[in-house]
Each structure stands twice: as structure tokens, then as C-alpha cells.
Amino acid sequence: MLQLQHISKVYHTGDQEFHALKDISIRFRENEFVSILGQSGSGKTTLLNIIGGLDQYTSGDLLIQGKSTKQFKDRDWDSYRNHTIGFIFQSYNLIGHQTALSNVEIAMTLSGVSKAERKKRAIEVLERVGLKDHLYKKPSQMSGGQMQRIAIARALVNDPKVVLADEPTGALDSETSVQIMNLLKDIAKERLVIMVTHNPELAQKYSTRIVQVLDGNILSDSNPCEPTEETKQVDIQFTKTKMSFITALVLSFNNLLTKKGRTLLTAFAGSIGIIGIALILALSNGVSDYVKKVQEDTLVSLPLTISEQNQSNLLATSPDLSEKPYKDNHELGINTVLTNLLKKQIGKNDLASFKTYLEEHASKVESLTKDIRYRYNLQPFIYASDTSNGPKSILPSTLADEVETANQTMKGYLQNLNYWSELSSDSSMLESKYDVLEGRFPQDKSELVLIVDENNQISDLLLYSLRFKDPSELNDTKKLDELSSQTYQYSDFIGKTFKAVVNTNRFVKENNLWLNKIDNASYMKTQIENGLQLKIVGVLRQKDGTSSGVNTPSGGIAYTSALIDYTSEYIQNSDIVKEQEANQNLNVFTGKDFAKDPKPFSSENLTEEEKIQLAKMTPEEQAQYVQQYNDNSASTYEENLAKMGVINKSKPAAIELYTSSFQQKQDLKEFINAYNTAKKEAGEDDKVLAYSDDIQSIMSSITTLVGVVTTVLVGFVAISLIVSSIMISIITYISVLERTKEIGILRAMGASKKDIRRIFTAETAIEGLISGVLGITITFLATFPINAIVAKMTNVGNVAQLPIEVALILIGISIVLTMLAGLIPSRIAAKKDPVESLRSE
Ligand code: ADP
Ligand code: MG
């Protein structure tokens, strides 16, 4: 079945040629036990390797089943070795890190036998060679004879047509040699066995044919196979061999297990880059989260506010609605502040139109805002509960009138005192903005809270304004100095009561005209006594980071929106409002029609009767009369209603638009700008809104900064990844060197170059996986102390959080990188000459 025709083999060493085989022609039968005898160096091994397809002949031809092998490709030789040939070596050539059983199974993994079948067949052959009880021993735990039996079992397991044995007993004692020879003789009953030996006695005793070789020539042949001799046709398979990736993984995994220490060290070194990147990403993720949270907290107290009265920002945002063509033109444009001023009522925003617009675009607006609050110009009148010294108005504060001071600055402060504000009715917003120090949030219209600043402080002015202290002390510098050393308890405030007087209750109808009795102490005293009692039920403190709001003075009292609703409804139902609404042309305060064309006071406009009356008055009275005249004549129906405190729901005094991120705020601004542009285009310049957003997006630039820093750091750390990849590459190369023999063994069994590559790819994949998992685990563990330290130092918790998807991606990157690093070493491995690999130790 095998025939060598004029085979010669030339080795090149340097420029020297060495003819190891010289024109060898020989035929083998399907079934015989051939011994090749010859001195050392005579070319026996070379001949055997060429027969086995492990080495390539230089010239001539090897016929298999009469078929020439001249055109054979690598793949054909791999398949030939795997299916047709079984090799047995003098030095056994077992894979040291695999058990006896796995050593035998490997040959079958290449031919694609199922796992169960593999094990069954491997156990069968191992039983046949007498190793039934040693299945799970590793070669190092066995004797030479036992190892050779494993090798024989391995050679037989694929049921090859040809078994090639290169001095199988060369390393064995004579007794063991006999056993092995008997085994081979037995095997030769069913197939062709070609055995190289330099022991003529064994050859004589066991083999059926002896071929003597000398210096690359056949010297003699005891039983030549003539061409005429009828040879039985044996079918030879040429199915492709292929090692599955799983087999490669198992093989490499077992190999790595034999070098745990080194594997772990390598993985650790490889994981450093991953740890670096993972830590940076964890920190950047945590910091971004923190920035986002701060953003939200900040924006809770920083809504985008568009007020009806909006003088402050004429310059800032008379929004330039025209396209901005100048930016890129190296020209200066002109922001037409004056034109805008002229076209528009100064500092007035038409919020009624905008409110309608918001309501018409409700769904869009909902996506742009977290909350919208409409503010109306309605404040309750609040008085001190104690009226024994006359009515003391707290809101609006009358401190400025009561205190005589030459200090103009203080006077100015006192005039503008407003420590009262309306509390949001949104409980989640309240909770995100305030800490409850004592008591609770207000729950109905009669409840108030004291709000203190971040430092648990309230201002001295508040104390005087609330009449906790006698305002007369405001003149007394010594008393004021003492304040700095005083403190208050929460309980000093909780339970404290005030009285609210509804706006319209100030007016009384006398002689068919409504009079404002606010300056009438006894009247007001009654009203206060009958007024709604308000009580402080809680002390709140603004949360850190939320009080960067500009509008909040340090400390103050807040009432509920329920109080405003109550007041508003009460006003709406009051007689004066009903009367005014019923007579829209008549001014209920003066009993006269509203002037169509209001004119300032002039004696010409007076009736005779009025002129006489005026003449009787003292100069002061006259001045007051003129003042009143002007007030009343200039009044309109709307202004009268406003004076009474009637609010027009469709005409808010301010609109507060709350957003949850600066991005959202930016989008919201674009939405408003689009509104403005549309109004401008429609020629309705008076509807264009002016607003200012003083807090420029500092936070959003911080987010950007975090992003940039992260990118730069990741870039730096990526370098360490490259370094660790190179290291893994070197270590894989060392592994290739160490496993050279294994490569030779596998090649001898029919493993293709690709299979070898796959084994090392598998090895690097495992290394990469271990590196990645190790890196992520270390990072994860490191986040705990990092978070603890940072929390201790800055009160910011969880700055380092590694998102699970980032962790998985990093493990993936680690695997891919190490596999890339292993590419070159595994190519080197695949290219190794199998014969040389087998020779290596
Ligand atoms: P043996 O009969 O001892 O098995 P070999 O077949 O191993 O002999 O070697 C035959 C001759 O070929 C020896 O002289 C050896 O030095 C030479 N030889 C074998 N392999 C190589 C090689 N790769 N390069 C050069 N010379 C080689
Ligand atoms: Mg030899």
C-alpha cells in the first residue's frame, strides 16, 4: 500500500549539502511487521518521518495506495498523518500537562470525534495496552514502559493503517522491551507496522521483514514486496482534520494550570492597564453622576424666570434674534438695544401671550421642563398677632417708618425688607431643596415655616422684622452688637403665630365710596383679631448647593401657595371686587367713571364746587388732594382690581421654568428663542420676551471638563495597556518555546498549522480573560476605599462607580488585546517544523 520511488532527502546546513537518503525505492504490504535496522545516523528516522508525512522528501515520490503525493498540500499531509499514520517515538513524546487519558484523546479531537465517543475509545485502547488503572495519571508519574504504552495507545486510537515506531524500546530495559514488542507484534496483525531499531535480535524475533539501511541506502531487504504481488486495496480516508476551539481552550487551560504562579503574575501585570482605565472610567462616571446631581439640585433653585417687569436685563438679553452673520466675518455687529427699547414697552414682558403659547404646546413644554410655576402679584397682608401696641404690619414691613435712623443705608435696607416668600407646593421639589431641621413642611394655608441658610443662620433684620425684637433697638448700636453672641432655639420659632388680613378687608364702604382704612389703627386691630391665624410649624434649611439661588435672602418665612389660593378666592368673593366687576366703567374708590384719557391734575379740569373745596384746604391737604386726584384719575379698571389684589390667571407676573439639567435648560432657551423669532417675524415685537439667565452654564463646562480630562487620562493609561500587551506577547512567545515539543507531537498526530495557532490564541484569550477579570475585580474592590476616603474628605459619596457594561467591555478589550499580542508568537509556533519540534527538549 505504501511505495517509495527513488526517494532522496537532502539537508542543507549552511552551504553544506547532506544526503540523508539516497534514491530509496521500497514497497510495503498492508499487513506486515517491518524492522528497519541500521547504525546511528544512517537515515532511519529520516526515512520513517518521510513515510509518515512528517518530513518532506527532496525528490522521488511516495505513493499511497498507488497515488502520488507530489501534489500534496499541507492539509493533505495533516489529514494523512491523522487518519492513516500512528507514530510511536523512542522518547514517548507525551504532553506532560495532560493525563494518560487526555494524551490519547487528543489524537481524536483532531478528527472530530464526539467527547463521549473519544473517552470510550481512549479507555478501550488504554485497556488494551494494559493501562486500565492509570487513566488519570500524568506521564511524570509513570514508568518508561507505561509511558510507551500510552504512546502506543495514542498511535492506535484512530485505528491507523500504518504504525511507525522509531526505536520504541530504545529507552526501555530488556524485560519491558519484550512486553512492548509483543504489543507491537499483536498490533501488526491488523496493519502495517514499520519499526526502526538497532537491536537485531528483537528485529529477528518479532518482525516479518528486515530492511537494513546504511548511509541513506537500502543495504538489504529480507522479504521484498514485488510489484507483481497482489496487494489488497485499502481505503484511505482524507477527511480534513480540525481541532475545535474548545479543545484548544482545554489544552491551553491545562497548560496554564501547570504554571499557575506565572499565569497569575502575567495576568496581574496585564491587568494594570485595565485597572487604570477602569478606575478612571469609574471616577469619571461617578463624578459625572455627581455633577448631574448638583446640576439638578442647583436648577431646583434656579428656574429660568421670565418676569413681567424685567428691567434688569435690557442690555443683557434684548435678544439678538437676527441671524448672527458677523461671527465668522471679522466684522462687528450691533446689538440694537435702543431699537428694542423703543419698539417695546420698557422692561415689560407680555407673559399672557407666552402663557397661552406654553399651554398650546403643552407636550413639547413638558419634555423641556421639570415644572412650571406661574407667579402672580399677590401677597397676603401679615401682622404681628400682638396688637396691644397697635397694629404692626410685618408684610409689607413698616420697620422703615418706625425706626428713626440717620443711616441711609440701613433705611434703604429696611424699606426693601422682604423675608416672606411662597413655598413650592411640589413636595418632591421641597424635599430636594430643603432639610427639615425641626417640625415639618407646612400642610395647609395657616401654616408657615422658618427657612434658615446653609449655616443655620437667620439675619438680625428678620428678627426685628418679625418683631421678635423691639425695633426701637435698631437705634442702639450696643444692643445690635450684643446680637452677635446670641443664639435662638428652633422651639423659639415653632408655634409662633401671625395674623393674615385679606387685602380687600382693608376697604370699607362709607358714603357709597370704598375707603382704604389701612391707616386706621382701631379698624385694622379688629381686622387683625378676626384675621386668619398663621403658625410656624417647621424650621427648614436649604440643602448644600441649592442656595446658590440669588433670590433667597439668608433666612426667611415661607407661606404655602394654599394661603395665596385662599386669599385670592376670598378677594374674588369680596363685595368691593364684585361691585367693581359689576361696574367696569365706574371707579368704586372715587365714584367717578374711569377717565378715557387720564390727565394729570390741573385746576382747569375741576368743577366749580371742587375748586371751592380746594381753596378751603391747608397746603398739606391740597398736596394730598392733588396726589389722590392723580392716583384716581390715572386709574384704570385693571389697576383698581390689582389694587384690591385680584389676580388675572391668564396674566402671570412671572413664569418660572424649572429644568433638570443644563442641557434641558439650553433646549428650553432655544424653544423660547424660537418663540421670540416667530413673534418678531410676525411683526409682534411687543410679544418678544426678554429674560436673563445669569447663571451661565458653569456646570455644563465642568461636565465637558470631566470628559476631556477622562479622555486624556484614558489616553495615558492606554499606553500602559500597550506595554502590557507587549509583555503578554513576550510571555506567549516563551510559552511557544516551552511548548515546542507539544507542537511537534500535535503536528505528528495531524494537527494543522491553523490548529497550532488556535492553541496559542486560546492561551492568550485565557490570559486576557484572567487579566480582565482580575483588573475589574481589583478596580471594584478599590472603589470602596476610594469612595470612603473621598466621602470623608469632601462629603461627596460614591465618586467611583464602575458601570457593569464598562466592566464587560474592558474585559473584552483585555481579551482582544492579549489575543492580538499573541498573534505573532502563535504564528511562529505554527510555522515550526514538526520534526525539529519533536527533536527539541
Ligand atoms: P538515524 O538513522 O540515526 O535515525 P537520522 O535519520 O536521524 O539517522 O539522520 C540521518 C542523517 O541526517 C544524520 O547524519 C543526521 O545528522 C542528518 N540529519 C538529520 N536531520 C538533519 C537536519 N535537520 N539537518 C541536517 N542534517 C540532518
Ligand atoms: Mg533515529
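Let us begin with strand S3, which is joined by five bridges to strand S9, residues 209-214, the two running parallel. Please keep in mind throughout that this is a predicted model. Within that pairing, Ile36 has Val211 of S9 as its bridge partner. S3 is also connected to strand S8, residues 192-197, again by five bridges and in parallel. On that side, the partner of Ile36 in S8 is Val196.

Is strand S3 mostly covered or mostly open? S3 spans residues 33-38, and six of its six residues are buried, so the strand is mostly covered, with buried meaning under 20% relative accessible area. On one side we find Phe33, Ser35 and Leu37, and on the other Val34, Ile36 and Gly38; both faces are covered.

I turn now to ligand 1. Which residues come nearest to it? Of the 13 residues around ligand 1, they are Gly41, Gly43, Lys44, Thr45 and Thr46. A polar side-chain atom of Thr46 lies 2.5 Å from an oxygen atom of the ligand. For Gly41, a backbone N or O atom is 2.7 Å from a ligand oxygen, and for Ser42 a polar backbone atom is 3.2 Å from one. Taken alone, ligand 1 exposes 550 Å², of which the protein buries 72%.

The shell around the ligand draws at least two residues each from strand S1 (2-13), strand S2 (16-28) and helix H1 (44-51). H1 gives the most, with three residues. By class, the shell has three nonpolar, eight polar and two charged residues.

My last topic is the aromatic rings. The structure holds 15 aromatic pairs. In one of them, the ring centres of Phe468 and Tyr488 are 6.4 Å apart and the planes stand at 70°, so this pair is edge-to-face. Phe468 is in the loop between helices H17 and H18, and Tyr488 in the loop between H18 and H19, 20 residues apart. Phe468 is buried, with a relative accessible area of 18%, whereas Tyr488, at 29%, is partly exposed.

Phe594 and Tyr637 form another edge-to-face pair, with 6.4 Å centre to centre and 70° between the planes. Phe594 lies in the loop between strand S24 and helix H23, and Tyr637 in helix H25, so the pair ties together parts 43 residues apart in sequence. Both of these residues, Phe594 and Tyr637, are buried.

Finally, ring pairs link Phe354, Tyr357, Phe671 and Tyr675 into a cluster. Thank you for your attention.

Methods
Residues numbered from 1 in each chain as written. Chains lettered and ligands numbered in written order. Predicted model: local features only at pLDDT ≥ 70, side-chain atom pairs only at ≥ 80, totals over all residues. Heavy atoms only, no water. Buried < 20%, exposed > 50% of the residue type's maximum accessible area, 1.4 Å probe, protein only. Helix = DSSP H or I, 4+ residues; strand = E, 2+ residues; numbered from the N terminus. Pairing = 2+ DSSP bridges. Near = heavy atom within 4 Å. Polar contact = N/O pair within 3.5 Å; in protein donor to acceptor, adjacent residues only side chain to side chain. Areas by Shrake-Rupley, 256 points an atom, 1.4 Å probe, with all protein chains shown as cover. Nonpolar A, V, L, I, M, F, W, Y, C, P; charged D, E, K, R; others polar. Phe/Tyr/Trp six-rings, centres within 6.5 Å; stacked < 30°, edge-to-face > 60°.
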